[in-house]
Amino acid sequence: MRILVVEDDDMIGEGVVDFLQSEDYAVDWVQDGASASLALKTTPFSLVILDLGLPGKDGLQVLREMRNRHDATPVLVTTARDTIDDRVKGLDSGADDYLIKPYDLDELSARVRALLRRSAGRADPVIERGALRISPATREVTYNGNPIILSSREYALLAALAERQGVVWSRSQLEEKLYNWDNTVGSNAIEVHIHHLRKKLSDTAIKTVRGVGYLLET
């Protein structure tokens with residue numbers, strides 16, 4: 001899953017980005033409202049972590065613009081503004097959740113998982129697709145009851161395929177989910193990851209829809 005972090009504080013931004021990358025998310029980071037608006041107009045994200053006190057265009061304006069153009073990407077607001085009025089304004093402007101600074105990174109992670117789960121229409125914290133079972137909280141994967149060891153990219157790809165049951169993902173869509181702006185993507189990177197996943201799960205676990213993309217078979 002690909003996350004946009006909008007945070008002008010270098011120390012907080014670096015800490016959040018490093019932490020989320022350690023949890024196998026693809027993360028992009030911008031430090032002002034104008035850059036955030038441009039990123040959101042040009043790149044599909046699974047979730048936005050949005051600070052409110054930004055230079056230039058503030059976070060509330062970025063959020064209102066998103067919702068005005070019917071961008072339903074989940075938004076987790078993080079801010080030092082802790083009054084009830086500030087929280088009400090943020091939620092009424094379209095925020096999906098609110099986290100007051102300073103915050104614990106484990107709580108941030110749990111809120112990210114909850115928002116991603118909600119946006120996918122799931123109530124269960126565990127993803128179950130036939131013989132496949134994925135726990136986003138622990139990143140543990142089992143297939144037919146057997147534990148499967150995956151690389152970070154393999155896990156991210158499998159989780160993306162499993163998140164939306166019955167959806168065919170194109171190669172470009174999967175690349176956008178797995179890689180951030182700083183990554184160089186090989187022309188056959190997705191095909192290589194799919195090959196490795198089939199070897200670790202089964203040859204029939206992931207179906208190739210010719211001319212379209214890939215589908216997780218359940």
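Colleague: What makes the open sheet of 4 strands a sheet, and in which order do its strands lie?
Modeller: The order is β6-β7-β8-β9, with antiparallel pairing. A strand is a DSSP run of E of at least two residues, a helix a run of H or I of at least four, both numbered from the N terminus. Two strands pair if DSSP finds at least two bridges between them. This is a predicted model, where local features need pLDDT of at least 70 and side-chain atom pairs 80 or more, while totals for chains, interfaces and linings use all residues. Residues are numbered from 1 along each chain as its sequence is written, and side-chain values use heavy atoms, with hydrogens and water left out.

Colleague: How do you know that β6 and β7 (132-135) pair?
Modeller: They share 3 bridges in the antiparallel sense, and the rule asks for at least two, so they pair. One partner of Glu 128 is found in β7: Arg 133.

Colleague: What lies across β6, β7 and β8 (140-143)?
Modeller: Helix α6 does, running at about 110 degrees to β7. Contact means heavy atoms within 4.5 Å. Axes are lines fitted to C-alpha atoms, for helices over the stretch in contact, and angles run from 0 to 180 degrees between N-to-C directions.

Colleague: What makes β10 (206-209) and β11 (213-216) a pair?
Modeller: DSSP gives 4 bridges between these antiparallel strands. Ile 206 has Leu 216 as its bridge partner. The two form a hairpin with 3 residues between them, and Gly 211 in the turn has a positive phi of about 80 degrees.

Colleague: Why is the pair of Phe 45 and Trp 181 called edge-to-face?
Modeller: The count is 1 aromatic pair. Rings of Phe, Tyr and Trp (its six-membered ring) pair if their centres lie within 6.5 Å; planes under 30 degrees apart are stacked, over 60 edge-to-face, the rest tilted. Here the centres are 6.3 Å apart and the planes stand at 85 degrees, so the pair is edge-to-face.

Colleague: Which parts of the chain does this pair tie together?
Modeller: Phe 45 sits in the loop between α2 (33-42) and β3 (47-51), Trp 181 in the loop between α7 (171-178) and α8 (189-200), so the parts tied together are 136 residues apart in sequence.

Colleague: Is Phe 45 buried or exposed?
Modeller: Buried, at 9% relative accessible area. Trp 181, at 42%, counts as partly exposed.

Note on methods: Buried < 20%, exposed > 50% of the residue type's maximum accessible area, 1.4 Å probe, protein only.
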